[in-house]
Amino acid sequence: MIIGVISDIHIGSDHDKEVLATSIKNINHCGAEGLLMAGDIGDYHQHRKDSFDIFLEQFPKKYHQNLLLMLGNHDVRTGAQPHEPLDPDLVGLYDSYLEKCNIDRQEDTMCIDAWIDGYHFICLNTDVPLKNQMELNEASLLWLEKKLAEGVDANKPIFVMTHQAFNCSHWRSYLYGGFGPQDERLKSLFSRYPK
């Protein structure tokens, strides 16, 4: 199994779009069955829409259900204030993309998951439009625990992606306030699911 992983593309120009299209083609030529995009798709609504379209056009349609695009801090901090709901235009655009890829998202969480070749991939999107950190609502935390327990196989790891790095995970992980207010809570949850 080959999975492509990219992040922080921040599409903002025609040149950026060309680079993204070429990158996806290269990932496809390597035989990738899935592609994880860990956030910061575009800093403005129209650029995010263009990016979603490029992913859908360039990645093989037979693998669209494995095209897991996440929202980063630059995606969610436009159009909303902290501790208010995410920008409804962003949520609508994201839901439209997920529908085209046949990826389900429960109404009460922005998180998504997929099974690729028997491996579980969980993508944590913030529910709160914080400027640089992430925060899950209680429904997302319950969803995450349920997903971590789903179909556990002692021989297969579970892959969990976030845009923000957990505190102490690398030397710059504390920049801009670190992961966010739930860093220790999520680490404690993950410690109960060692896979």
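Trainee: Which residues is D127 in contact with, leaving aside its neighbours within four places in sequence?

Mentor: This is a predicted model, and in it D127 touches L86, T109, M110, E135, L136, N137 and S140. D127 itself is placed in the loop between β5 and α5.

Trainee: How do you know whether D127 is buried or exposed?

Mentor: Compare the value with the cut-off. Buried means under 20% relative accessible area, and D127 has 12%, so D127 is called buried. As for distance, D127 and I158 are 31 residues apart along the chain, and their C-alpha atoms are separated by 22 Å.

Trainee: And what makes K146 buried or exposed?

Mentor: The label exposed is for values over 50%. K146 has a relative accessible area of 53%, so K146 counts as exposed. K146 belongs to helix α5.

Trainee: Why is D8 called partly exposed?

Mentor: The relative accessible area of D8 is 36%.

Trainee: Which value does phi take in D40?

Mentor: Phi of D40 is near 60 degrees, again positive in a residue other than glycine. D40 is found in the loop between β2 and α2. With 1% relative accessibility, D40 falls under the 20% cut-off, so D40 counts as buried.

Trainee: Now the helices. What makes α5 and α6 roughly parallel?

Mentor: Helix α5 (residues 138–149) and helix α6 (residues 183–191) pack at about 20 degrees, with their axes 11 Å apart. Angles under 35 degrees count as roughly parallel, and therefore α5 and α6 get that description. The crossing of α5 past α6 is right-handed. On the α5 side the contact involves E138, L141, L144, E145 and L148, and on the α6 side R185, L186, L189 and F190.

Trainee: How do the residues in the contact of α5 with α6 divide by class?

Mentor: Six are nonpolar, three are charged and no polar residue takes part.

Trainee: Why is α1 called roughly parallel to α2?

Mentor: Their axes cross at roughly 30 degrees and come within 9 Å. The angle is under 35 degrees, so α1 is roughly parallel to α2. Here too the crossing is right-handed. The contact joins K17, L20, A21, I24 and K25 of α1 to D50, S51, I54, F55 and Q58 of α2. By class, that gives five nonpolar, two polar and three charged residues.

Trainee: What about α2 and α4, and how do you know their relative direction?

Mentor: The axes of α2 and α4 cross at roughly 5 degrees and come within 11 Å. That angle is also under 35 degrees, so α2 is roughly parallel to α4. From α2 the contact takes H45, R48, K49, F52 and L56, and from α4 it takes D89, L90, L93, Y94, Y97 and K100. These residues divide into six nonpolar, one polar and four charged.

Trainee: Finally, which residues have the most contacts inside the largest nonpolar core?

Mentor: They are L35, F55, L67, L68, L69, Y94 and Y97, in a core of 39 residues. Two or more residues each come from α1 (14–29), β2 (34–37), α2 (45–58), β3 (67–69), α4 (88–100), β4 (112–116) and β5 (119–124). The largest share, six residues, is from α4.

Trainee: Which residues does L69 contact, leaving aside its neighbours within four places in sequence?

Mentor: L69 is in contact with M37, I41, F52, F55, Y94, Y97 and I112. Apart from this core lies another one of 15 residues, including W143, I158, F166 and L189.

Key
Residues are numbered from 1 along each chain as its sequence is written. This is a predicted model: local features need pLDDT of at least 70, side-chain atom pairs count only at pLDDT 80 or more; totals for chains, interfaces and linings use all residues. Side-chain values use heavy atoms; hydrogens and water are left out. A nonpolar core is a set of buried Ala, Val, Leu, Ile, Met, Phe, Trp, Tyr and Cys residues joined through side-chain atoms within 4.5 Å. Buried means under 20% relative accessible area, exposed over 50%, partly exposed in between (1.4 Å probe, protein chains only). Helices (H or I, at least four residues) and strands (E, at least two) are DSSP runs, numbered from the N terminus. Contact means heavy atoms within 4.5 Å. Axes are lines fitted to C-alpha atoms, for helices over the stretch in contact, and angles run from 0 to 180 degrees between N-to-C directions. Angles under 35 degrees count as roughly parallel, over 145 as roughly antiparallel, 65 to 115 as roughly perpendicular and the rest as oblique. A crossing is left-handed if the near helix is turned anticlockwise from the far one by less than a right angle, and right-handed if clockwise. Ala, Val, Leu, Ile, Met, Phe, Trp, Tyr, Cys and Pro count as nonpolar, Asp, Glu, Lys and Arg as charged, and the others, Gly among them, as polar.
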